[in-house]
Amino acid sequence: QAAAQKNQVDLYEYLHTGQEYIMPIPMMNIINGGSHADNNVDIQEFMIYPNGAKSFLESMQMGMEIFHNLKNILRNKNLNTAVGDEGGFAPNLKSNEEAIEIIIQAIEKSNYKVQEDISIALDVAASELYNKQTSKYELKSENLELTSNEIIEYYGRLCAKYPIISIEDGLDENDWEGWTKLTREMKCGVQLVGDDLTVTNPQRLKRAIYESAMNAILIKLNQIGTVSETLDAVSMAQKSKFGTIISHRSGETEDVFISDFCVAVSSGQIKAGSLCRTDRIAKYNQLLRIEEK
């Protein structure tokens, strides 16, 4: 930031890696479960993905309309509309599928077309669901205990039924064999994102590339610890034709570094949370300023 100011350029310009600038598609977290919420939903994040937006500004408008229509739907069902750490709602629902169906209702109520305008992305955080004693994934809301193969089949059924475009942390962080099978068997077009599997670490990413264990990586700057190591991880992923998603963390501040970083490396995707809470909105506002410029 100091170097950008000294050179009288914006931070994204100073960090620019030489590719054509791309404004990111925001993955907006609107329903929370798992360890991010005190409710009975297993999957940690249900996100909307405005793949039909023509600009970042339009993606923000789409997201905001869906977010507020979702709030009205939850209120009409007498469900909790308080927001969690990343700004998503955390209602008690009957199952993970009910969360997806309520989001689809909100998309349709906002007069957008499911899949064509808005798709759905999931962060399962499967390491939180994995029982090391039984070697099974526990979906308590659905009373299911699934092996690695069975949870892969579960994702296949969800993707066949719903417009799911991305699944993050679908398996435990040490289930390398399962990750490779998931990537091999999942239908074409679904992004399979490693977060806990790779922790923005170039060495773990190198293994994931070698074993074809995923096709996209979540990039968390303060997880690996330095800008240079983060740039190395992004570069390695992009050279291997992996998707890259620049991500916030839980317990954020209003710092907007990741907004500039996302544009600088032409990531094309960002996770910055929901459409509320100033620590999330600050990132989106910075991206709007960059797009205007």
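This is a predicted model: local features need pLDDT of at least 70, side-chain atom pairs count only at pLDDT 80 or more; totals for chains, interfaces and linings use all residues.
Side chains of opposite charge can pair when their charged atoms come close. With a cut-off of 4 Å between a side-chain nitrogen of Lys or Arg and a carboxyl oxygen of Asp or Glu, the count comes to 14 salt bridges.

Start at K271. Its side chain meets that of E45 in a salt bridge, 3.3 Å from N to O. K271 lies in strand β12 (residues 269-271) and E45 in strand β3 (residues 45-49), so the pair ties together parts 226 residues apart in sequence. Where do these two side chains sit, buried or exposed? K271 has 3% relative accessibility and so counts as buried. E45, at 2%, counts as buried too.

K271 has another partner. The side chains of E168 and K271 form a salt bridge at 2.8 Å, N to O. This pair also links distant parts of the chain: E168 is in strand β8 (residues 164-168), 103 residues away from K271 in strand β12. E168 counts as buried because its relative accessibility is 2%. E45, D123, E168 and K271 are linked in a network of salt bridges.

Move on to E252 and K283. They form a salt bridge whose closest N and O atoms are 2.9 Å apart. E252 lies in the loop between β11 (243-247) and α10 (257-264), and K283 in helix α11 (residues 278-292), so the pair ties together parts 31 residues apart in sequence. E252 is partly exposed, at 22% relative accessibility. K283, in contrast, is buried, at 1%.

Technical notes: Residues are numbered from 1 along each chain as its sequence is written. Side-chain values use heavy atoms; hydrogens and water are left out. Helices (H or I, at least four residues) and strands (E, at least two) are DSSP runs, numbered from the N terminus. Buried means under 20% relative accessible area, exposed over 50%, partly exposed in between (1.4 Å probe, protein chains only).
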